[in-house]
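Good morning, everyone. I would like to take a few minutes to go through one protein chain with you, beginning with the chain as a whole and ending with a pair of its elements.

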Amino acid sequence: MISFTVPGTPVAKARARATMVAGRARMYTPAKTASYEGKVAYLGKQAMGALEPLNGPVSLTVECFFAYPSSWSKKRIAANLIKREWVTKTPDGDNCLKAVSDALNGVCWRDDCQVARAVVTKMYSDIPCVAVVMEVLS
């Protein structure tokens with residue numbers, strides 16, 4: 001099992017954008033997504049250490065923790081520590097998962113098609129971050 005934490009607010013994979021260059025469409029990844037994927041890849045590489053990229057089917061768990069909304073009272077925040085409230089606002093969980101899985105291509109596995117089981121959760125926390133756990137399925 002390999003795990004690491006990405007500090008900061010979770011970022012979803014944004015759609016590719018297009019621009020015209022010399023009369024032809026050129027696709028590019030938005031800067032915010034590219035920067036976040038670079039951060040995830042760096043932390044994934046640190047977590048892997050000297051290990052080679054994983055082979056075979058992989059299980060991926062991505063837990064997204066978002067900051068409490070400013071409208072929440074101290075009482076509601078305290079209640080959330082006992083019984084967690086799920087985040088049901090944007091970004092979509094599947095887009096957060098996609099940002100992490102794409103970033104780890106060639107770092108933790110050859111290709112994200114190896115992810116045979118994926119779990120993504122979105123919860124509120126006082127420390128926004130993304131917790132990533134990977135393991136080879138037998």
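Let me begin with contacts along the sequence. Among contacts between residues at least 6 apart in sequence, 83% join residues at least 24 apart in this protein chain. Please keep in mind that the model before you is predicted.

Turning to the overall dimensions, the C-alpha atoms fill a box of roughly 55 × 45 × 25 Å, taken along the principal axes. The protein chain has 138 residues, and 38% of them count as buried.

Next, the secondary structure. Three helices and six strands make up the list of elements for the protein chain. In sequence order, they follow the pattern β-β-β-α-β-α-α-β-β.

I now come to one pair of helices. How do helix 1 and helix 3 cross? The axes of helix 1, residues 31–48, and helix 3, residues 93–103, come within 8 Å and cross at roughly 55°. Because of that angle, helix 1 counts as oblique to helix 3. The crossing of the two is right-handed.

Which residues make this contact? From helix 1 they are Tyr36, Glu37, Val40 and Ala41, and from helix 3 they are Ala99, Val100, Asp102 and Ala103.

Thank you for your attention.

Key
Residues are numbered from 1 along each chain as its sequence is written. This is a predicted model: local features need pLDDT of at least 70, side-chain atom pairs count only at pLDDT 80 or more; totals for chains, interfaces and linings use all residues. Side-chain values use heavy atoms; hydrogens and water are left out. Axes are lines fitted to C-alpha atoms, for helices over the stretch in contact, and angles run from 0 to 180 degrees between N-to-C directions. Helices (H or I, at least four residues) and strands (E, at least two) are DSSP runs, numbered from the N terminus. Angles under 35 degrees count as roughly parallel, over 145 as roughly antiparallel, 65 to 115 as roughly perpendicular and the rest as oblique. A crossing is left-handed if the near helix is turned anticlockwise from the far one by less than a right angle, and right-handed if clockwise. Contact means heavy atoms within 4.5 Å. Buried means under 20% relative accessible area, exposed over 50%, partly exposed in between (1.4 Å probe, protein chains only).
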